[in-house]
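Please look over the chain below before reading on.

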Amino acid sequence: MGPETSADFARARAIGSQHMAAFDRTPEVVAFAPGRVNLMGDHTDYNGGAVLPMAIDFGTVCALSRRDDNVVRIVSHSADGLVHTVVLDEFDKDADGGWLAYVAGCIILATENGWWHGGLDMSLDGDLPLGAGLSSSASLECAVLTALVSLNSEPVDLWTLALTAHRVEHEYAHVPCGIMDQATSMLAEAGSALHLDTSTRETTQVALHLDLLDAQILLIDTNAHHELTDGGYADRRASCEAAAGLLGVTLLAQVDESDLARVDSLPPPLDRRARHVITENARVPRTTKAFEDGDIGTLERLFAQSHTSLAQDFEVSCAELDVAVDAARTAGASAARMTGGGFGGSVVTITPNDRLADVEASVRAAFASQGFPAPAFMTVRPSAGARLIYRDVP
Ligand code: GLA
């Protein structure tokens, strides 16, 4: 049994007992969907650019049993552990429903799409830290949708599910995000990162060769927790749209580095915002090639350029992210940058195996000396996308 299969087996067994405790019945299906870490290409996805994320071996588990009536009962063991009864017809998507809004949104859209109809008992659990920039919300949406459609006999293709999860994010959580997180959670394959061109939706699996580099992807959760609903994300997206308009294109990824002189003449801060997107987009194919070639020197430079660009041009870093990047690099991480939406969240590093302990110790010490809350660390493997991990045999 491979590591993924044995982890899935343990997940299915654990949620099975929680489902039994909450609803006094065993689940019919259990699905798992992963979170993600982005290796390169932040704030490029809603600009028609490229991204290079990988799914991680942490995520959300969703167990379901159908009911004969129209009642929907939901319990989340990683939230409040209480059984909530949701009346879908009366669900107000403009009120702040927290995590329940994501789940209700998935059930409502699945019903509208004809994938599912009727009552449910649903249990949720997960091991992704919330607000750490590792796409806990995409993993929740993708786990719920994967479980729901598996109750029906008709399969639904993965892109349709990713786009539905993306609609939930826009319409029920009111986050104007790009497609990277939901596409990764649905489409990733074990052992590789996912290169995605968001304008064509073309995907390529990219081998990371971490064994050749004798290194791990070590994540540092700064515990400065971000909320994409706070407005900074929407503000950056609006600036990109305004900059694209002034440059005479529909999406900033249609401009390349040869046009940077024109970008410099945009009014500030639109010049800096556009410069980040255009240079970051160019770093994605370079990073892909550097991973394929096992070229750690180039990865080091690209990660450093990306962090500086996100911090100075796009202004989405924060003190905790900057301190984590510096301390990790000083202690021997080969490459480090903030990852995801920013305003808090996590740093992604490529750290040699013999440096893991030093890097953790150095970041811990730097956080303590700055008076920041303690950071958390996760080593992650490129993992498979959403999947059914248990089905009751009738
Ligand atoms: C968040 C969004 C993504 C993407 C990243 C930044 O994770 O959900 O769509 O824009 O921020 O790269």
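## Basis of the report

The model is predicted, so local features are given only at pLDDT of at least 70 and side-chain atom pairs only at pLDDT 80 or more, while totals for chains, interfaces and linings use all residues. Residues are numbered from 1 along each chain as its sequence is written, and side-chain values use heavy atoms, with hydrogens and water left out.

## Overall build

The chain has twelve helices and twelve strands, where helices (H or I, at least four residues) and strands (E, at least two) are DSSP runs numbered from the N terminus. Its radius of gyration is 21 Å, close to the 21 Å that the globule rule gives for 394 residues, so the chain is as compact as a globular protein of that length; the radius is taken over C-alpha atoms, and the rule is 2.2 Å times the number of residues to the power 0.38. Along the principal axes, the C-alpha trace spans about 65 × 50 × 40 Å.

Of the 394 residues, 57% are buried, a term that means under 20% relative accessible area, with exposed being over 50% and partly exposed lying in between (1.4 Å probe, protein chains only). Contact means heavy atoms within 4.5 Å, and among the contacts with a separation of 6 or more, 73% are between residues 24 or more positions apart. The chain exposes about 15,600 Å², of which carbon and sulfur atoms supply 51%; accessible areas come from the Shrake-Rupley method with a 1.4 Å probe, and for residues only the protein chains shown count as cover.

## A covered helix

Helix α5, residues 180–187, is mostly covered, as eight of its eight residues are buried. They are M180, D181, Q182, A183, T184, S185, M186 and L187. These buried residues pack against strands β1 (29–40), β2, β6 (192–197) and β7 (202–207), and also against helices α3 (136–150) and α4 (158–171).

V51 is placed in strand β2 and counts as buried at 0% relative accessibility. Leaving aside neighbours within four places in sequence, V51 is in contact with N38, M40, G41, T44, D45, M180, L194, H195, L196 and V284; one of these, M180, is also among the buried residues of α5. The C-alpha atoms of V51 and V175, which are 124 residues apart along the chain, are separated by 19 Å.

H19 lies in helix α1 and likewise counts as buried, at 0% relative accessibility. Not counting residues up to four places away in sequence, H19 touches D24, R25, T26, P27, A63, L64, S65, D121, M122 and S123.

## Backbone features in loops

The peptide bond from P268 to P269 is cis, with omega near 0°, and P269 sits in the loop between α8 (260–264) and α9 (270–293).

S135 has a positive phi of about 65° although it is not a glycine; this residue is found in the loop between β5 (119–126) and α3 and counts as buried at 8% relative accessibility. F343, which is not a glycine either, has a positive phi of about 60°, is placed in the loop between β9 (335–339) and β10 (346–352), and counts as partly exposed at 30% relative accessibility.

## Cavity and pocket

On a 1 Å grid over the protein atoms alone, a cavity is a set of points where a 1.4 Å probe fits but cannot get out, whereas a pocket is an open set with protein on both sides within 12 Å along at least five of seven lines, and lining residues have an atom within 4 Å of a point. Grid points are joined across faces, edges and corners, and a volume is the space filled by probe spheres set on the points. A search of the whole structure finds one cavity of 30 Å³ or more, and about 40 Å³ of space lies in the largest cavity. Ten residues line the largest cavity, with E4, R11, D57, R381 and R387 nearest its centre. Helix α1 (3–23) and strand β2 (50–67) each supply at least two of the lining residues, and the largest share, four residues, comes from α1. By class, this lining has four nonpolar, one polar and five charged residues, where Ala, Val, Leu, Ile, Met, Phe, Trp, Tyr, Cys and Pro count as nonpolar, Asp, Glu, Lys and Arg as charged, and the others, Gly among them, as polar.

The second largest pocket holds about 260 Å³ of space. Its lining consists of N70, V71, V72, T85, V86, V87, L88, D89, I108, T111, H117 and G118, which divide into six nonpolar, five polar and one charged. Strand β4 (83–86) and helix α2 (99–112) each supply at least two residues of this lining.
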